Every structure is written in C-alpha cells, then in structure tokens.
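Subject: Structure handover

Hello,

Here is the structure I promised to pass on. Please open it alongside this note; my findings follow below.

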Amino acid sequence: MAKRKPEKTPSKNAAPTPKWDRVVTGNCVSVMNSLPAGSVDMVFADPPYNLQLSNELRRPNNSVVDAVDAKWDQFDDFRAYDDFTKEWLGAARRVLSQKGTLWVIGSYHNIFRVGATLQDLGFWILNDVTWRKSNPMPNFRGRRFTNAHETLIWCARDKGGKPHTFNHAAMKAVNGDLQMRSDWVLPVCNGNERLKENGEKAHPTQKPEALLHRVILSSTNKGDVILDPFFGTGTTGAVAKRLGRRWLGIDQSKKYTALARKRIDQVTATDDVDLEVTLSKRDQPRVPFGRVVEEGLLAPGDMLYDHTRRHSAKVRPDGTLVSADASGSIHHVGAQVQGAAACNGWAFWCFEVGDVLVPIDSLRERLRAGVH
C-alpha cells in the first residue's frame, strides 16, 4: 500500500488572505503595504486636494461658506504634496492586479500634479473624465469662473498589460443606448444622501453615490475587490456592497471610519441574480454560423441578402455561403461581394421573414439565449 504523502502546510512567510468588506482606521500607505501584492482589482482614490485656502470664504450675505479647511488637506508646499502623492500611488500600484485599474478624482488644485506622478510611476492613462456638476457652488467673489467640474483620471497599472475591465455595453445601456462619453453630468451630494452631524456636513467632500455607481459599474465585475485609501464616510463601500463587489476602506480619521461603518451596515446587498449586466459582443459566447444551420434556424439553400438587396448568397450545409463571385464564411463572402478588406457577416447578411429583412445576428442571439 502506497504511503500517503503528508499534506503541505502553508509557509510561515506566505501572506495571509486579506479580509475584505471592512473599514480600517490608519495610514493608507501602511495598510496598503500590509496587503499582498496584486490582491486588488480596482482602486478609487479621492485624496486631499491641497486647496491652499488662506482666508475664510463668505457669501454675498456675509455668511461663512463651509469650505475644506481641515488639517488633512494642508501641506507645507507643492513638494510635500508631491512626495505624499508619490508614496500613496506607489503603494496602490503594488496592490493592484496586473489587469487592475485606478481612478483618482481631483480639482484644478491637484489633479495635474497627480497626473504627472501617475505617469512617472508607470501607470497608463486610459481616460480623463470630467464630472460636470449640475448644481455647483457659485463663485461668490465674482473674480473667476464658477468651478463647475472635477476631473477623474482612469488608468491601467501598466502600459500594454493584461486587458482591463471595461463594461462598454453596460455603460451604453446606462446612457440610453448611446456610447458613454467622458463628460458626466451629475449633481453634487445633497439631500438625504448627505451625511450630517448636528445639522452640519459630516464630511466636506462627500461624493455622490451616482458618481461611484458609474465608476464601479464601468470598470469592475461582480466579486471584484475595490480599495479606497481615502474612504471618508464610505461612499465607495456603500455602492460596492450594493453592487456585489468586495471592498476595503481606509481612513486615518476615527470619526469618519465610525460614520462609514454605520452607513454601510445599513446598505442592503443586491441578490446575485440581479447583478448581471449587458455584455459586449466580444465578451459573449462565440457562436459559429454553422450552428445556425445545425439547429435548423436556417436551412441549406436559404438565401441571404444585404440590407439593400444588392448582394445575395446561398446557405450551404456546412455553414458557408456561396454567391455568384465567392464562397466561404459569412465574413469572407460579405467582404468579397463589397470589394472590402473585411466584413462583419453577422451584421451584413439578412434573411427574409415575409417581405422583411432580418439580420442573421438575431439568430445568434437566439442561440445564446437558448431559444430555438
């Protein structure tokens, strides 16, 4: 009888499996450095903006504006801010997976400096997105344009790395079946969504959940891990929980982490069955045209036409087509009859239903849905 091999015990040096879905009070760099490399799918960061406010801001009626004047937003000079940015971005890059992406949001005070550091560290910028606020704070002094937008930079960890997640079809569906643009019109956080203490804002820069919903839905999938190193009152965690993502929030303020925990505990996670989103064509299961013939959705000898009926071809038993000038796949024959270098045959060819031409792509969708 063969001897049973002893079970392997985990190495004492192996990094422990991180515990997700929690809020951590502490320094974000230290906490990120304690995580295994490559363990996070997306980072969303809303770092201090370094607003450099020197005087209080008043409205025309002489009331004081509740501006950002906390110590966490104050730095000695630009060099100190750049050093801070380089440190936290370096820690974030280490924990990102090879296909991971990072979002960072800022204003004109800091976003250009952050962008330069991103590129210096090797991140590859995919988009800059303008969040245009539908209800911005007015410019009370009347010496500048109203600051009506903030900028988000979205980047991959590496240039030419593993393909990152982008749910293009889902974003198109959100946008009324139009391709989503890089300018987003959304209101600032207000109303019941705004956390308050004693009638005052609990956090001066709380972001709206609609903004995080779009960020998370576009660039992560169900079960992915999202890390927010400047968690504040937990908007990222609240939306991530609702959308079925794992998350980790870090903030150095005990006040903010306590508010975030209380807020997220009240969020109801969505059932798995309700979390599916529209897939892009390239992400859906491949269906060869031959299956359409095998399943009897089209028969050998049936005729296909382009949308103008200028070109036609006959279906053969093996799922190829033959026309007066060419034979081969639906793509090859479609290209040949047009004199084109390439053709998407699923979109080009149609079959007749009465007097109406219907794209053969509808038959592929029936097979994907299990409808024969």
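Phe 348 is buried, because its relative accessibility of 11% is under the 20% cut-off. Bear in mind that this is a predicted model, here and throughout. Trp 349 is buried as well, at 0% relative accessible area. Phe 348 and Trp 349 form an aromatic pair. Their geometry is edge-to-face, with 4.8 Å between centres and 80° between planes.

Another one to look at joins Trp 88 and Phe 230. This pair is edge-to-face too, at 5.1 Å centre to centre, with the planes 85° apart. Trp 88 sits in helix H2 (residues 78-95). Phe 230 sits in the loop between strand S9 (225-228) and helix H6 (235-242). Trp 88 counts as buried, with 0% relative accessibility. Phe 230 is buried at 15%.

Trp 88 and Phe 230 also belong to a cluster. Tyr 81 and Phe 84 complete that aromatic cluster.

Two arginines lie over ring faces. Arg 93 is over the face of Phe 123, 5.7 Å from the ring centre. Arg 214 is over the face of Trp 184, 5.1 Å from the ring centre.

Next, a glycine. Gly 237 is in helix H6. Its relative accessible area is 0%, so Gly 237 is buried. What does Gly 237 contact, leaving aside neighbours within four places in sequence? The answer is Phe 231, Trp 247 and Ile 264. Gly 237 and Ile 264 are 27 residues apart in sequence. In space, their C-alpha atoms are 6.7 Å apart.

The largest cavity has a volume of about 40 Å³. Its lining is made up of Asp 41, Lys 99, Gly 100, Thr 101, Thr 165, Ser 219 and Asp 224. Which element gives the largest share of that lining? Strand S3 (residues 96-106) does, with 3 residues. By type, the lining has 4 polar residues, 3 charged and no nonpolar.

Best wishes

Definitions and conventions
Residues numbered from 1 in each chain as written. Predicted model: local features only at pLDDT ≥ 70, side-chain atom pairs only at ≥ 80, totals over all residues. Heavy atoms only, no water. Phe/Tyr/Trp six-rings, centres within 6.5 Å; stacked < 30°, edge-to-face > 60°. Helix = DSSP H or I, 4+ residues; strand = E, 2+ residues; numbered from the N terminus. Buried < 20%, exposed > 50% of the residue type's maximum accessible area, 1.4 Å probe, protein only. Lys NZ or Arg CZ within 6 Å of the ring centre and 35° of its normal. Contact = heavy atoms within 4.5 Å. 1 Å grid on protein atoms, 1.4 Å probe; cavity = no way out; pocket = protein on both sides within 12 Å on 5 of 7 lines; lining within 4 Å. Points joined across faces, edges and corners; volume = space filled by probe spheres on them. Nonpolar A, V, L, I, M, F, W, Y, C, P; charged D, E, K, R; others polar.
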